[in-house]
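I opened my notebook to look up how this chain is put together.

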Amino acid sequence: MTYEEMFERYNKMKRLSNDRDNIEALLKQYKAYEIPVRSIHQVDYRNDEEVDPQYIYKLFHISDKHALNKIIDAGYKNKGEDTYSTESELTYRSLIGRHNSGRGVTIVLESKDGKKVSNFKVYGQAQKLSELLLCYIPFETMTEDIQSSDFQYFLDCLDGNGFL
């Protein structure tokens with residue numbers, strides 16, 4: 001499908017909701033559970049260009065092997081045990097290890113208005129999850145310009161996830 005065809009379908013589709021409750025329910029479909037925002041050090045949030053620490057309101061983690069196998073990159077699937085530690089056993093160091101090994105994915109959610117998710121960041125080897133979330137939470141600076149690489153990527157994500 002060409003970008004022109006995708007754009008036509010995009011203009012006809014109902015926009016996906018980025019309400020906080022909707023995004024959190026979507027994550028829970030992948031057995032995501034909330035962990036303390038402080039599980040990732042504030043310095044690391046500040047050093048990460050893709051997040052704004054002042055708007056971070058929740059941090060979720062996915063460690064269920066079956067859920068991970070649906071969202072993580074192919075080279076990391078079917079690694080390790082069936083289920084990993086619960087949130088009470090997670091430390092900053094263990095999160096990094098899980099992200100790097102494909103045994104866990106952590107999702108940062110931001111909200112500027114307290115109602116809608118304005119940005120997200122997926123830590124770990126989960127491109128599929130990142131692309132799904134992008135369908136609901138597009139780049140803030142993105143314009144609906146068919147020549148824009150950001151908008152083309154957004155359309156590719158919508159198409160790849162069956163929304164177009």
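**Entry 1: the core.** I began with a term: a nonpolar core is a set of buried Ala, Val, Leu, Ile, Met, Phe, Trp, Tyr and Cys residues joined through side-chain atoms within 4.5 Å. I also noted that the model I searched is a predicted one. The largest nonpolar core in it has 36 residues. I listed the residues with the most contacts inside this core: Ile-62, Ile-71, Val-105, Ile-107, Leu-109, Leu-129 and Leu-133. Next I asked which elements give two or more residues to the core. They are helices H1 (3-12), H2 (20-28), H4 (65-71), H6 (127-136) and H7 (149-160), together with strands E2 (56-62), E3 and E4. H6 supplies the largest share, 6 residues. Apart from this core I found another one, of 11 residues, with Val-51, Ile-56, Leu-59 and Tyr-123 among them.

Entry 2: I looked up what Ile-62 touches, leaving out residues up to four places away in sequence. Its contacts include Tyr-30, Ala-67, Leu-68 and Ile-71. Val-105, Ile-107 and Leu-129 are also on the list.

**Entry 3: two strands.** I checked how E3 (residues 105-110) and E4 pair. They run in the antiparallel sense, over 5 bridges. Glu-110 has Asn-119 in E4 as its bridge partner.

**Entry 4: the whole chain.** I counted 7 helices and 4 strands in the protein chain. Along the sequence they follow the pattern α-α-β-α-β-α-α-β-β-α-α. The radius of gyration is 16 Å, close to the 15 Å that the globule rule gives for 164 residues, so the chain is as compact as a globular protein of that length. The C-alpha trace spans about 50 × 35 × 25 Å along its principal axes. Of the 164 residues, 44% count as buried. I also looked at contacts with a separation of 6 or more: residues 24 or more positions apart account for 66% of them.

**Entry 5: the cysteines.** How many disulfides does a search of the whole structure find? It finds 0. For Cys-135, the nearest cysteine sulfur is that of Cys-157, 5.5 Å away. Cys-135 is buried because its relative accessibility is 4%. Cys-157 has 2%, so it counts as buried too.

How values were computed: Residues numbered from 1 in each chain as written. Predicted model: local features only at pLDDT ≥ 70, side-chain atom pairs only at ≥ 80, totals over all residues. Heavy atoms only, no water. Disulfide = S-S within 2.5 Å. Buried < 20%, exposed > 50% of the residue type's maximum accessible area, 1.4 Å probe, protein only. Pairing = 2+ DSSP bridges. Rg over C-alpha atoms; globule rule 2.2 N^0.38 Å. Contact = heavy atoms within 4.5 Å.
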